[in-house]
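Thanks for coming, everyone. Let me put the structure on the screen, and then we'll walk through it together.

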Amino acid sequence: MKKPYQKPTIVKLQIGTLREQKSALAQRVRFEIDGVPVKDLLQKFGSPLFVFSEKRLREQFRYAKRLFETHYPRVEFSWSYKTNYLDAICRIFHQEGATAEVVSEFEYEKARRLGVPGEKIIFNGPYKPRTILKKAVEEGARIHVDSMDEILDLEEIAKELERKISIGIRLNLDTGIYPRWDRFGFNLESGEALQVVQRIAAGGQLEIVGLHCHQGTFILEPAAYGRAAEKLLGFAQKLEEAFGWTIEYLDLGGGFPSRNRLKGLYLPPEVAVPPLSEYAESIAKALLSNLNSRDYPLLILESGRALVDEAGFLITTVQAVKRLPDGRRAYVLDAGVNLLFTAFWYHFRVDLGEEVLGPPEPSVLYGPLCMNIDVVEEAVNLPPLSRGVPLVLSPVGAYNVTQWMQFITYRPRVILITEKGEAEVIREAETLEDLVRLERVPAHLR
Amino acid sequence: MKLNRLAISEEGFIFDPETGNSYTVNETGLKVLKALRAGQSPSEIAEALSEEFEISVPEALRDVEEFLESLKRFRLWEES
């Protein structure tokens with residue numbers, strides 16, 4: 001019986017790294033995802049491969065929903081399509097009771113195609129083309145207006161339909177966080193929002209029934225949500241008194257973080273990212289302590305990342321091993337920033353898909369693109385890897401399968417591990433035919 | 001040959017008296033280093049590794065060559 005093999009390695013000892021070498025950061029190996037071996041997945045579906053876990057999706061959704069419901073009686077989760085709009089993923093969240101939050105014509109149509117009725121769609125976004133806006137109004141969608149021009153469009157539509165339209169308005173406000181997203185909706189503190197509301201009331205065609213804000217993304221300060229809730233509620237009460245409307249819902253948008261490691265954050269996510277319960281508590285406290293004696297307005301949350309990120313994995317394979325001129329070890333993978341758009345902002349967790357023996361060494365992970373920016377990870381401690389070794393990157397469930405780009409290569413399969421532990425394809429790998437289908441060649445070039 | 005000047009311990013600790021640098025090698029690294037010092041060629045070393053460990057000769061040869069690259073980078077090996 002032969003001995004297990006380690007690649008021969010030589011490491012130069014440097015004062016300062018001696019201790020690190022000894023402590024040998026525990027090697028992280030992920031042999032399986034939800035009980036399905038990584039090796040089997042690669043063999044059956046090829047590399048690279050996106051893998052989603054139905055179990056994790058459902059568990060995280062139920063956890064978040066129940067968590068907020070234990071803090072506040074009326075909560076609606078609206079699935080943020082832009083975070084991941086694969087049919088199968090959306091269907092899972094809709095089955096769990098989420099409505100749809102869409103920001104474009106395409107997303108609106110996708111939600112309708114999935115059978116989501118208009119009244120269960122929230123239509124956000126800074127640009128809603130006139131035709132889809134009218135369709136959304138007719139179908140009873142909750143429209144959140146972003147600009148004065150959109151208000152004018154809606155007033156015209158109201159005239160055409162000869163009825164009053166109920167809308168939500170989008171506000172931007174100071175909740176003490178930086179950067180402050182102030183390009184969406186109307187500013188609260190400057191008085192712009194109130195002016196716009198007065199204008200809407202004067203127009204007589206529209207009625208405000210909801211207030212919306214979205215502070216930003218990956219917000220690590222739960223208290224900011226409390227401040228946002230308090231401000232929205234205060235404004236709602238002002239509108240009810242002044243105009244006699246009933247503000248049925250307050251929508252605090254999304255921006256809740258996942259356990260991903262944001263670049264520039266020194267601490268690991270387990271320490272830096274506050275638990276979701278702190279957000280729930282902060283929001284509920286602001287609402288419950290400031291509500292007048294009236295019905296509880298519905299609290300809507302458009303959480304995307306916090307629900308889906310940690311349910312997504314990317315399996316990729318080492319395709320080449322290199323040494324850089326400065327001595328660093330580098331690997332070329334079959335997946336790069338083309339598939340992992342979020343690599344620009346996050347340090348993923350990198351697990352080995354099989355056990356590899358040998359001393360860890362800081363290594364660079366490159367993708368397959370012939371572009372200098374195609375770096376998946378600048379420095380990750382890995383044992384000496386050979387060609388063919390699988391790596392499992394996570395969490396990658398949010399934004400990657402929507403923001404990925406088709407550049408010089410095909411996008412790979414996406415699979416779902418069902419609750420029964422079966423692997424099902426939920427998006428096929430692209431083929432040449434798929435990519436050239438929309439191209440046309442003028443006669444003189446044929 | 002530069003390799004001859006190195007002090008190599010049985011545990012894989014390497015000291016270069018000329019530069020004062022020290023290195024560590026793993027079990028297979030130590031074998032390769034000793035074999036190189038004994039004048040064996042990369043393919044002979046790869047065959048020896050393959051006999052003792054779970055590894056094919058071509059894969060072992062590729063790794064020995066990578067190891068040689070590391071030695072060159074540390075200026076412990078010069079092409080003769």
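In what sense do strand E2 (residues 13-15) of chain B and E3(B) pair, and over how many bridges? They pair in the antiparallel sense, over three bridges. Look at Phe13(B) for one of the partners: in E3(B), its bridge partner is Thr24(B).

Before we go on, a word about what you are looking at. This is a predicted model. The scores are ipTM 0.90 and pTM 0.88. Chain A averages a pLDDT of 93, and 97% of its residues score at least 70. For chain B, the mean pLDDT is 90, with 96% of residues at 70 or more. There is one stretch to flag. Over residues 18-24 of chain A, pLDDT stays under 50. For that stretch the model has three contacts beyond four places in sequence.

Back to the strands. E3(B) covers residues 22-25 of chain B. What does E3(B) pair with in chain A? The partner is E1(A), again in the antiparallel sense and over three bridges. Find Ile10(A) on the screen. Opposite Ile10(A) stands Val25(B), in E3(B).

Now put those pairs together. They belong to an open sheet of four strands. The order is E1(A)-E3(B)-E2(B)-E1(B), and the pairing is antiparallel. Which strands are the edges? They are E1 of chain A and strand E1 (7-8) of chain B. Each of these edge strands pairs on one side only.

That takes us to the interface as a whole. Here 18 residues of chain A are in contact with 24 residues of chain B. On the chain A side, strand E1 (10-12) and strand E15 (312-323) each supply at least two residues. E1(A) gives the most, with three residues. What is the make-up of that side by class? Eight residues are nonpolar, five are polar and five are charged.

Staying in chain B, turn to the helices. Helix H1 takes residues 27-37, and helix H2 takes residues 42-52. Their axes come within 10 Å and cross at roughly 145°. The crossing of H1(B) past H2(B) is right-handed. From H1(B), the contact uses Thr28(B), Lys31(B), Val32(B) and Ala35(B). They meet Ile45(B), Ala48(B) and Leu49(B) in H2(B). By class, this contact has five nonpolar residues, one polar and one charged.

Chain A has a helix pair to set beside that. Helix H6 spans residues 130-138, and helix H7 spans residues 148-161. They pack at an angle of about 55°, with their axes 10 Å apart. That angle is why H6(A) counts as oblique to H7(A). H6(A) passes H7(A) in a right-handed crossing. Which residues meet there? H6(A) brings Arg130(A), Leu133(A), Lys134(A) and Val137(A). H7(A) answers with Asp153(A), Ile157(A) and Leu161(A). This contact divides into four nonpolar residues, no polar and three charged.

Next, parallel strands in chain A. Strand E14 covers residues 298-301. Three bridges join E14(A) to strand E5 (residues 75-80), and the two run parallel. In that pair, Glu76(A) has Ile300(A) as its bridge partner. Strand E12 (residues 249-251) of chain A also pairs with E14(A) in the parallel sense, over three bridges. There, the bridge partner of Tyr249(A) is Leu298(A).

Last topic: the backbone of chain A. As a reminder, most residues other than glycine have a negative phi, and most peptide bonds are trans. Where do we find a cis bond? One joins Ser47(A) and Pro48(A), with omega about -5°. Pro48(A) sits in the loop between helix H2 (38-45) and strand E4 (49-53) of chain A. The peptide bond from Tyr178(A) to Pro179(A) is also cis, with omega near -5°. Pro179(A) has its place in the loop between strand E9 (165-172) and strand E10 (186-187) of chain A.

And then there is Asp34(A). Asp34(A) is not a glycine, yet its phi is positive, about 50°. You will find Asp34(A) in the loop between strand E2 (32-33) and strand E3 (36-37) of chain A.

That's my tour. Over to you.

Terms used
Residues are numbered from 1 along each chain as its sequence is written. Chains are lettered from A and ligands numbered from 1 in the order in which they are written. This is a predicted model: local features need pLDDT of at least 70, side-chain atom pairs count only at pLDDT 80 or more; totals for chains, interfaces and linings use all residues. pLDDT is the predictor's confidence in each residue, from 0 to 100. Two residues are in contact if their C-beta atoms, placed from the backbone, lie within 7 Å. Ala, Val, Leu, Ile, Met, Phe, Trp, Tyr, Cys and Pro count as nonpolar, Asp, Glu, Lys and Arg as charged, and the others, Gly among them, as polar. Two strands pair if DSSP finds at least two bridges between them. Axes are lines fitted to C-alpha atoms, for helices over the stretch in contact, and angles run from 0 to 180 degrees between N-to-C directions. Angles under 35 degrees count as roughly parallel, over 145 as roughly antiparallel, 65 to 115 as roughly perpendicular and the rest as oblique. A crossing is left-handed if the near helix is turned anticlockwise from the far one by less than a right angle, and right-handed if clockwise.
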